[in-house]
Structures are given as C-alpha cells and as structure tokens.
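Trainee: Please take me closely through one part of this model. I would like to look at the salt bridges and what surrounds them.

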Amino acid sequence: MWDRVLVRVLMLLPNTEIFLEGVKKKQANLKKWIDFSLSPTPDFRVDYWTEYMSEKQLGKLQKEAYRSFYMRPKYIFRSILSIRSLFELKVKLRGVASLFR
C-alpha cells in the first residue's frame with residue numbers, strides 16, 4: 001500500500017522534447033526563456049501545457065488528486081496510529097490544512 005503520492009502539473013522546461021512540442025503548439029515561449037537566461041528575475045513563471053485546461057484548472061485538479069489520496073479513511077487511520085511525536089503531529093496537521101487552502 002502506498003503511503004505517499006506526488007502529483008505534478010506538467011512544466012514545459014527548455015531542452016526537452018515536450019518543450020519543443022509546446023513551442024510548436026504555442027504552449028511554450030522560447031523567447032521568454034532566452035530573456036530570462038540573459039536577465040533572471042524572481043517573478044519568472046514557467047509555462048504549463050494549457051491547451052485543454054487553464055493553469056488554474058490544472059492546479060485545482062492537482063489539489064483534488066492530493067485530497068482524494070490523503071483523505072481516504074484508511075490512510076487517515078494509519079497515519080494517526082503512526083504518529084510518534086508532537087513534531088510529527090504538527091507536520092501532519094499542516095499537511096491537512098494545505099489540502100483545504
């Protein structure tokens with residue numbers, strides 16, 4: 001039984017096949033990356049594949065995937081039984097809170 005899950009939204013990063021496909025389909029912007037490499041800024045945002053869903057919709061799906069995994073009764077029960085310290089309890093409570101923000 002799995003006790004962790006990682007769900008990511010596909011990021012279009014340079015020097016990858018998917019990035020080149022994204023450039024062809026206007027999902028990624030090569031000039032944006034060239035400009036960033038010449039003059040990095042902290043507000044730079046990576047492109048996502050938004051041909052069928054918006055970035056916001058993708059984020060909602062990601063959060064729902066996490067909720068559906070971590071909010072299963074069996075998982076919650078096992079997780080509670082595995083707590084061995086106050087620190088671990090705090091970490092788990094922070095994780096649960098992040099599922100509902």
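Mentor: Start with a definition: helices are DSSP runs of H or I with at least four residues, numbered from the N terminus. Keep in mind that this is a predicted model.

Take helix 2 to begin with. Within helix 2, Asp35 and Lys31 are four residues apart, which puts about one helical turn between them. Their side chains meet in a salt bridge, with an N to O distance of 2.8 Å. A salt bridge here needs a side-chain nitrogen of Lys or Arg within 4 Å of a carboxyl oxygen of Asp or Glu. The 2.8 Å between Asp35 and Lys31 meets that rule. In general, side chains of opposite charge can pair when their charged atoms come close.

Now the exposure of this pair. Lys31 has 53% relative accessibility and counts as exposed. Asp35, at 36%, counts as partly exposed. The line between these classes is 50%: over it, a residue is exposed.

Helix 2 spans 30–38. Leu30 lies in helix 2 too. Its relative accessible area is 44%, so Leu30 is partly exposed. Together with Ile34 and Leu38, Leu30 makes a nonpolar surface patch of about 310 Å².

Next, look beyond the helix. Arg45 sits in the loop between helix 2 and strand 2, while Glu55 is in helix 3. These two form a salt bridge, and their closest N and O atoms are 2.1 Å apart. The Arg45 and Glu55 pair therefore ties together parts that are ten residues apart in sequence. Arg45 is partly exposed, with a relative accessible area of 49%. Glu55 is partly exposed as well, at 35%.

Then comes Lys25 with Glu51. Their side chains meet in a salt bridge at 3.9 Å, N to O. Lys25 has 39% relative accessibility and counts as partly exposed. Glu51 is partly exposed too, with a relative accessible area of 33%.

Finally, the tally. The rule gives five salt bridges. Among them are Asp35 with Lys31, Arg45 with Glu55 and Lys25 with Glu51.

Terms used:
Residues numbered from 1 in each chain as written. Predicted model: local features only at pLDDT ≥ 70, side-chain atom pairs only at ≥ 80, totals over all residues. Heavy atoms only, no water. Helix = DSSP H or I, 4+ residues; strand = E, 2+ residues; numbered from the N terminus. Buried < 20%, exposed > 50% of the residue type's maximum accessible area, 1.4 Å probe, protein only. Patch = residues over 30% accessible without salt bridge, like charges linked within 9 Å, V, L, I, M, F, W, Y side chains within 5 Å. Areas by Shrake-Rupley, 256 points an atom, 1.4 Å probe, with all protein chains shown as cover.
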